[in-house]
Amino acid sequence: MSYQNWIITSLMLFVLIGSAQTLKRQSLGVQGSTQLVFAYTKSYFIQESIGQKSVIRTYEANNYSLRQGFLQPIDGAIISENLDNELTGFFYPNPFIDHVNVQFEEPIIDIITVTMHDILGRLVYNETFNPMQSLTINFGDLSSGSYIFRLQMRSEVMIAKLVRR
């Protein structure tokens, strides 16, 4: 009788273990961050996701791609489509004596390149600046006359005609 009890108990355990669900470690999270980091005159867009534990794989078909995981890459064409490429801000004084002040109306997140050309198209000033919302640019070495003033951040540009007294 004990042999029969042992067989019945073994069969019951086998059935329970065979059909039982096993708990696997999973984590689905919405933790993470997105940062724009400026280092060594370049900017980097960094995304991180905390809690993702899965296989990463990319599937491609018919000019579409799908990547498994929480962070999906963004197509640059989608971002830049129909965007205004004008850098908004104002500058003063004009005409100027030795310096020009520039105040931007939008966030400056990357390096700013400032160039100045004379009326004949010759480059007379070229400088880069770290991201900041206002600039004071000294043009003390320039002679009196008219100049084309150009500021650029990435693909956004502001162009103006300046006059030095």
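Visitor: Which residue in β9 is the bridge partner of valine 100?
Guide: In this predicted model, valine 100 is partnered with isoleucine 137 of β9.

Visitor: How many bridges join β6 to β9, and which way do the strands run?
Guide: There are 5 bridges between β9 and strand β6, residues 99-104, and the two strands run antiparallel.

Visitor: What holds paired strands together in general?
Guide: Strands of a sheet pair through backbone hydrogen bonds, in either a parallel or an antiparallel way.

Visitor: What order do the strands of this sheet come in?
Guide: The order is β5-β6-β9, an open sheet of 3 strands with antiparallel pairing. β5 (89-92) and β9 (134-138) are at the edges with a single partner strand each, so one side of each has no neighbour in the sheet.

Visitor: And how much are neighbouring strands turned against each other?
Guide: By 15° on average, with direction ignored.

Visitor: New topic. How many salt bridges are there?
Guide: The structure has 2 salt bridges. One of them joins the side chains of aspartate 110 and arginine 154, at 2.9 Å from N to O.

Visitor: Where in the chain do those two residues sit?
Guide: Aspartate 110 is in the loop between β6 and β7 (112-118), and arginine 154 is in the loop between β10 (145-153) and β11 (156-164). The pair is 44 residues apart and links distant parts of the chain.

Visitor: Is aspartate 110 buried or exposed?
Guide: Aspartate 110 is buried because its relative accessible area is 9%, under the 20% cut-off. Arginine 154 has 43% and is partly exposed.

Visitor: Which residue forms a salt bridge with arginine 122?
Guide: Aspartate 118 does, with the closest N and O atoms 2.7 Å apart. Aspartate 118 is buried, at 11% relative accessible area.

Terms used:
Residues are numbered from 1 along each chain as its sequence is written. This is a predicted model: local features need pLDDT of at least 70, side-chain atom pairs count only at pLDDT 80 or more; totals for chains, interfaces and linings use all residues. Side-chain values use heavy atoms; hydrogens and water are left out. Two strands pair if DSSP finds at least two bridges between them. Helices (H or I, at least four residues) and strands (E, at least two) are DSSP runs, numbered from the N terminus. Axes are lines fitted to C-alpha atoms, for helices over the stretch in contact, and angles run from 0 to 180 degrees between N-to-C directions. A salt bridge is a side-chain nitrogen of Lys or Arg within 4 Å of a carboxyl oxygen of Asp or Glu. Buried means under 20% relative accessible area, exposed over 50%, partly exposed in between (1.4 Å probe, protein chains only).
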